[in-house]
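The sequence and structure come first.

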Amino acid sequence: MSILRVEGLYKTYGEKVLFDDISFVINRRDKIGVIGVNGTGKSTLLKTLAGVENVEKGEIIHANDFRMEFLPQEPSLVEEKSLLDQIYAGDSPKMKAMREYERAVQRLENDPEDEALQKELIQAQERMDQEDAWEANTIAKQVLTRLGIVDFSKQVKELSGGQKKRVAIARALIQPADLLIMDEPTNHLDSASIEWLESYLADYQGAVILVTHDRYFLNRVTNRIYELAHGNLYVYEGNYELFLEKKAEREMLAERAEAKRKNILRTELEWLRRSPRARGTKQKARVERVERLQQTKSSMKKEDIEFSIGSVRLGKKVIEMKNVTKSYHGEVVIPSFSYIVSPKERLGMIGPNGSGKTTLLQLFSGNVTPDNGEIEIGETVRIGYYSQENEELDENKRVIEYIREIAEVVRTVDGNVVTAEQMLERFLFERPSQWNYIYRLSGGEKRRLYLLSILMKEPNVLLLDEPTNDLDTETLSVLEKYLEDFPGAVITVSHDRYFLDRVVQKLLVFEPRRSIQTFQGNYSDYIETKAEEREQVSNNKKAEKKPTPTKRRSRKKLSYKEQKEWEGIEDRITALEQKLEEIEQQIIQAGSDYEQVKEWTEKQQQVSEELEQAIERWTELSLLIEE
């Protein structure tokens with residue numbers, strides 16, 4: 001069943017046509033991924049659906065009671081408001097009830113003995129009952145907990161950029177909506193949060209349309225792909241993997257059609273050159289046909305990305321760290337750390353936000369000085385550092401001028417010359433767009449240009465800090481191909497699991513308590529190894545709690561009552577352990593519901609005591625058996 005219909009959408013940006021009479025339908029359980037090269041209008045399409053931007057022509061049709069929630073790429077939050085007011089914003093009765101309830105809980109926590117506040121909480125609970133909002137509040141608590149949001153008293157201005165993004169995501173997920181619109185939701189999230197968001201959106205009850213560069217995310221969440229290219233919209237049924245297969249088929253058919261058009265055009269031109277002047281009427285018709293063929297544009301332009309740029313020769317000594325430490329404001333960010341970078345290094349850094357990955361990358365680059373220890377950089381090293389923030393681009397320059405100022409040409413490993421124009425083409429800037437002024441580029445196009453500017457300097461050591469943020473999937477494919485052939489060392493910080501799997505062979509894992517561990521393998525290898533370790537630990541714990549009795553035949557020495565007790569005690573211990581786990585989940589779901597938490601905590605204590613008694617009894621009986 002359709003919930004939204006778009007008909008004949010037309011929109012331009014300067015001379016560029018973003019949407020050329022595109023139409024589509026969104027159904028109730030659709031999970032749609034929008035892809036395309038940066039600058040094709042992906043974010044503009046989402047803003048248009050959300051009503052943030054207007055179009056020149058076309059209609060967006062939906063029911064009057066249609067509810068929509070929009071998460072922009074750069075969320076706009078009110079700095080002076082508390083997290084509670086930001087997250088539980090909304091005018092629906094259910095959201096109002098949840099907001100009032102959370103406020104009442106917060107006030108009572110500050111003064112538990114205040115009778116007026118206790119009465120206020122009871123009234124808020126009654127409103128939650130009236131609006132049937134308890135289930136929604138439980139889901140909200142799960143969302144907030146998984147995104148690491150626990151302190152509602154903080155103001156927005158106290159948060160980092162990554163924390164603000166999490167607050168905006170939580171708000172978008174909590175709001176009741178028929179259509180959830182998300183622009184780059186995975187930016188600034190760590191891998192654990194991205195994986196959780198994947199599972200949450202896969203089960204989301206409404207429709208979802210999103211833009212993301214994360215290809216694993218696209219593959220696991222979406223059931224339909226919209227591709228924007230040259231003003232056209234192409235719809236593919238299935239996830240990202242199926243999209244790649246079907247796009248390859250479409251491009252093959254388009255290439256055949258283009259070859260056929262060129263053959264007809266060649267034949268027609270040849271006929272016109274040979275035809276006698278007397279055939280005026282026929283000639284005129286054929287001239288018109290040739291003109292039509294010449295004006296027909298091929299929408300499929302495959303980019304040649306087979307290239308391997310050379311670099312300054314890299315010696316055996318690259319970068320060596322010896323017992324390096326770094327602290328900020330008295331807090332240790334990098335503990336005593338030593339590492340030797342090899343000439344062919346393919347190293348990735350993973351870990352939670354704020355764990356010190358960017359700081360270590362800056363230490364590698366020499367931009368940051370360590371508090372203790374030594375960093376030795378080889379004489380032949382030429383570092384290319386791609387930071388999370390663009391360097392200041394001169395927006396009054398044209399794209400080609402900016403790149404030519406860095407280098408007119410670069411050389412491949414085979415000694416061939418590649419011009420600045422050709423490099424721009426290979427990084428998806430077509431010849432006409434190379435003469436655009438930089439200020440006219442989209443945010444993603446500027447990131448792509450910034451990336452190319454670093455590569456044009458022909459570094460032999462690349463340091464990449466979140467290179468996948470704000471880049472489209474095609475540009476990432478180009479970058480991955482470039483890095484595959486890159487003759488020097490690559491060190492990257494990234495949360496993009498697909499990118500890490502393609503590029504790196506070793507990981508530095510930033511763990512809690514400021515520990516940095518080395519892992520040999522890519523991201524998927526790491527996840528698989530950690531899963532095996534967790535399973536082994538779980539099995540060991542079960543084995544410790546429930547040792548297998550040695551001699552079953554000695555049980556006949558027990559009394560009848562003890563024999564019956566012995567036969568059932570292991571099952572009783574297992575049942576109590578399972579019950580304890582269920583209670584722990586109930587406590588998590590209860591969130592800040594003071595009464596619920598208190599009730600479940602008391603049950604938890606009671607079951608824990610029963611479990612302890614059962615284990616002690618098992619020990620007594622096992623001793624009797626041994627005797």
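E320 stands opposite I340 in strand 11. The model is predicted: local features need pLDDT of at least 70, side-chain atom pairs count only at pLDDT 80 or more, and totals for chains, interfaces and linings use all residues. Residues are numbered from 1 along each chain as its sequence is written, and side-chain values use heavy atoms, with hydrogens and water left out.

**Terms for the sheets**
- Helices (H or I, at least four residues) and strands (E, at least two) are DSSP runs, numbered from the N terminus.
- Two strands pair if DSSP finds at least two bridges between them.

**Sheet 11-10-13**
- Three strands in the order 11-10-13 make up an open sheet with antiparallel pairing.
- Strand 11 (331–341) and strand 13 (372–377) are the edge strands, and each pairs on one side only.
- On average, neighbouring strands of this sheet are turned by 25° against each other, direction ignored (axes are lines fitted to C-alpha atoms, for helices over the stretch in contact, and angles run from 0 to 180 degrees between N-to-C directions).
- Seven bridges link strand 10 (residues 319–328) to strand 11 in the antiparallel sense.
- Helix 11 (residues 357–365) lies across strand 10, strand 11 and strand 13, at about 130° to strand 10; contact means heavy atoms within 4.5 Å.

**Sheet 2-1-4**
- Another open sheet is formed by three strands in the order 2-1-4, and its pairing is antiparallel.
- Strand 2 (16–27) and strand 4 (57–62) stand at the edges with a single partner strand each, so one side of each has no neighbour in the sheet.
- Strand 1 (residues 2–13) and strand 2 run antiparallel and are joined by nine bridges.
- Y10 stands opposite D20 in strand 2.
- Helix 1 (residues 42–49) lies across strand 1, strand 2 and strand 4, and runs at about 55° to strand 2.

**Second largest pocket**
- The second largest pocket has a volume of about 670 Å³.
- A pocket is an open set of points on a 1 Å grid over the protein atoms alone, where a 1.4 Å probe fits, with protein on both sides within 12 Å along at least five of seven lines; lining residues have an atom within 4 Å of a point.
- Grid points are joined across faces, edges and corners, and a volume is the space filled by probe spheres set on the points.
- Its lining counts 25 residues, and I139, P176, Y200, Y204 and Q205 lie nearest the centre of the pocket.
- Helix 3 (93–110), helix 5 (134–146), helix 6 (161–174) and helix 7 (191–202) are the elements that give two or more residues to this lining.
- Helix 5 gives the most, with six residues.
- By class, the lining has 12 nonpolar, six polar and seven charged residues (Ala, Val, Leu, Ile, Met, Phe, Trp, Tyr, Cys and Pro count as nonpolar, Asp, Glu, Lys and Arg as charged, and the others, Gly among them, as polar).
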